[in-house]
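Hi there,

Here is the structure I promised to pass on. My notes follow below it.

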Amino acid sequence: MLLLPLIPSSPWLRKTVAAGTLVLVSAVIVLGLLFWFHGHLLPELIRRINLFQRGWAKTLLTSLGQGLEGLAAANRREARLSLLLLTLVVAGINWLIAQTTLWALGIHVSWVAAPLVLGVLQWGTDVPSAPGNIGVFHYLCLLALGIFGVEPSLAFTYGVILHLLIIVLPTLIGLGCLWSVRTFIWKWRRQAGLI
């Protein structure tokens, strides 16, 4: 939303950002008020409603309840600063990766392009798609960079490389870490009586 005045005219993007911003701000205000005044009331209410639900409704309410319990942890004073700091670090690293990839491919656009691409990817990849957002991720990069006049084949190449750097590489590193601690996980599951 803050980048809109700096982006070349693009009606589809402005409408999408305006609608998304309205939904996001409304959701943040509602969740903020709920947790400011009643940090544990809503998860407990969802848990009780969950007893009478079946199928997809139960799954949705369970996921919502777990997410809200996680947000309740952020309501603690000592957690706020560390969460804010970690959020800024992750956002900064993502921006650095996106911007460095632009430079590496010789794409000379405004500094606004990298955060715009990341914002479009954040909103656009929430739509259910193929595993790993294959196809959707690349098309969104093509659309976002098209606003700045980047050639489609170059924008697609950027999308492929960025996808490798921020989706595939972290997934492979995570799998490697999981493989390295597999013995510890099995021991823990046996001790907890889960197997």
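**What I found**

The chain exposes about 13,500 Å², and carbon and sulfur atoms supply 73% of that area (Shrake-Rupley method, 1.4 Å probe). This is a predicted model, so local features need pLDDT of at least 70 and side-chain atom pairs pLDDT 80 or more, while totals for chains, interfaces and linings use all residues. Residues are numbered from 1 along each chain as its sequence is written, and side-chain values use heavy atoms, leaving out hydrogens and water.

The chain has eight helices and zero strands (DSSP runs of H or I, at least four residues, and of E, at least two). Of its 195 residues, 26% are buried (under 20% relative accessible area; exposed is over 50%, partly exposed in between; 1.4 Å probe, protein chains only).

On the cysteines: the count of disulfides is zero (a disulfide is a pair of cysteine sulfur atoms within 2.5 Å). Cysteine 141 is buried because its relative accessibility is 0%, whereas cysteine 177, at 45%, is partly exposed.

The second largest pocket has a volume of about 500 Å³. (A pocket is an open set of points on a 1 Å grid where a 1.4 Å probe fits, with protein on both sides within 12 Å along at least five of seven lines; lining residues have an atom within 4 Å of a point.) Among its 15 lining residues, Ala91, Asn94, Leu118, Gly119 and Gln122 are the closest to its centre. Helix H5 (113-124) is one of the helices supplying at least two residues of this lining, and H5 gives the most, six.

Best wishes

Notes:
Grid points are joined across faces, edges and corners, and a volume is the space filled by probe spheres set on the points.
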